[in-house]
Amino acid sequence: MPSNEQRRAAAKRKLERQLANRAERARRRKQLTIAGSVLGVVVVVAAVTGVYFLTRSDDDSTTDAKDATQSSAPAAAPPPAPVAKPALVNCVYKDSEKPADKPVTKPAKAEGIPTTGNDAKVSVSMETNQGPIGLTLNNAEAPCTVNSFVSLASQNFFDGTSCHRMTASEGLKVLQCGDPTASGMGGPGYAFDNEYPTDQLDPNDPMAAQQPVAYKRGVLAMANAGPGTNGSQFFIVYGDSQLPPNYTIFGTVDENTMGTLDKIAKAGQDDSNGPGDGKPTQPVNIESVRID
């Protein structure tokens, strides 16, 4: 039979484990939120050192988080290899509690969205006051996201809006756009689920969604405030970054227009949300987004 001293030692070890686990869960919750109402999109890397990422999400459920990183953090793995989708998919766009911040309707077509052939890629021209940004949308991996983006662009939803946030941390370099209110709180009045790479994760492995992956320079991805909260806000990666695989990658920036992003990045941000996190120093206004 264990002595009182042994029981006290065992109880102490159990308490220490509980406190450590609680702290670890709190740290991961903080890491995993990338879009928000207070401070923005976050990057999850290994260490806790300073303020990190930004991206607020669309609509009312926005939650910001910031995290920390060290320049010595190990390189993130690439996103999981995509599994081919059916030739036609159906999409679900749910009404949000918060109405659209600019007149717009949900995508008229939500069923039978093609993912192959000539429809696998969609070319888009985005004109900004800082220069052109060409986009190639990947319908094969994120058809519902692309369908929504094309619908919004066709309704001129992005025209006359501003890219309201930019980060410049060691492991996160993104420009965030798509909010007609330029507050990080705006959206189209509807929401939809994540696609690639989130849909490649093993649902029986909760740790998979917490492991950072590489969001490479030139990636176009959706901002969100958690599962099922994608709307209109998106971010463009202008320098290799690390994030948990919870932000749908739905396209890339054309290489011949990356110079526009480099120009924007060189001008910096105002650090209004903390070091390396704020509005672009030089305003970035989207004049038009057109399907080529």
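In the predicted model, alanine 100 is located in the loop that joins strand S2 (94-95) to strand S3 (113-114). The relative accessible area of alanine 100 is 31%, so this residue is partly exposed. Leaving aside residues up to four places away in sequence, alanine 100 is in contact with Gly187, Pro188 and Gly189. The C-alpha atoms of alanine 100 and glycine 187 lie 5.7 Å apart, although 87 residues separate the two in sequence.

The strands include an open sheet of ten, paired in the antiparallel sense and ordered S6-S16-S4-S5-S14-S11-S12-S8-S7-S15. Strand S6 (161-162) and strand S15 (277-278) form the edges, each with pairing on one side only. Within the sheet, strand S7 (residues 165-167) and strand S8 (residues 173-177) are joined by two bridges in antiparallel pairing. Methionine 166 has leucine 175 of S8 as its bridge partner. Helix H3 (residues 258-267) packs on this sheet, with contacts to S4, S5, S7, S8, S12 and S14. The directions of H3 and S12 make an angle of about 85 degrees.

Helix H2 (residues 143-154) also lies across strands, namely S4 (121-128), S5 (131-138), S11 (219-222), S12 (234-239), S14 (249-253) and S16 (285-291). Relative to S16, H2 runs at about 110 degrees. The end C-alpha atoms of H2 are 16 Å apart, in agreement with the 16 Å that twelve residues should span at 1.5 Å a residue. Ten of the twelve residues of H2 are buried, so the helix is largely enclosed by the rest of the structure. The buried residues are Pro143, Cys144, Thr145, Val146, Asn147, Ser148, Phe149, Ser151, Leu152 and Ala153. Just after H2, asparagine 156 adopts a positive phi of about 60 degrees.

The largest nonpolar core has 38 residues, of which Leu137, Phe149, Phe158, Phe234 and Phe250 touch the most other members. Helix H2 gives the most to this core, contributing five residues. With residues up to four places away in sequence not counted, phenylalanine 158 touches Lys102, Phe149, Leu152, Ala153, Gly178, Ser232, Phe234, Ile286 and Val289. Another core, of 13 residues, lies apart from the largest one; Val174, Val219, Tyr247 and Ile249 are among its members.

Ten aromatic pairs were found in a search of the whole structure. In one of them, the rings of tyrosine 93 and tyrosine 190 have centres 5.7 Å apart and planes at 80 degrees, so the pair is edge-to-face. Tyrosine 190, at 0% relative accessibility, counts as buried.

The rings of phenylalanine 157 and phenylalanine 158 have their centres 5.7 Å apart, and with the planes at 85 degrees the pair is edge-to-face. Both phenylalanine 157 and phenylalanine 158 are buried. Through ring pairs, Phe157 and Phe158 are linked with Phe149, Phe234 and Phe250 into a cluster. Of these residues, Phe149, Phe158, Phe234 and Phe250 are among those that touch the most other members of the largest core.

Conventions
Residues are numbered from 1 along each chain as its sequence is written. This is a predicted model: local features need pLDDT of at least 70, side-chain atom pairs count only at pLDDT 80 or more; totals for chains, interfaces and linings use all residues. Side-chain values use heavy atoms; hydrogens and water are left out. Two strands pair if DSSP finds at least two bridges between them. Helices (H or I, at least four residues) and strands (E, at least two) are DSSP runs, numbered from the N terminus. Contact means heavy atoms within 4.5 Å. Axes are lines fitted to C-alpha atoms, for helices over the stretch in contact, and angles run from 0 to 180 degrees between N-to-C directions. The expected span of a helix is 1.5 Å times one less than its number of residues. Buried means under 20% relative accessible area, exposed over 50%, partly exposed in between (1.4 Å probe, protein chains only). A nonpolar core is a set of buried Ala, Val, Leu, Ile, Met, Phe, Trp, Tyr and Cys residues joined through side-chain atoms within 4.5 Å. Rings of Phe, Tyr and Trp (its six-membered ring) pair if their centres lie within 6.5 Å; planes under 30 degrees apart count as stacked, over 60 as edge-to-face and the rest as tilted.
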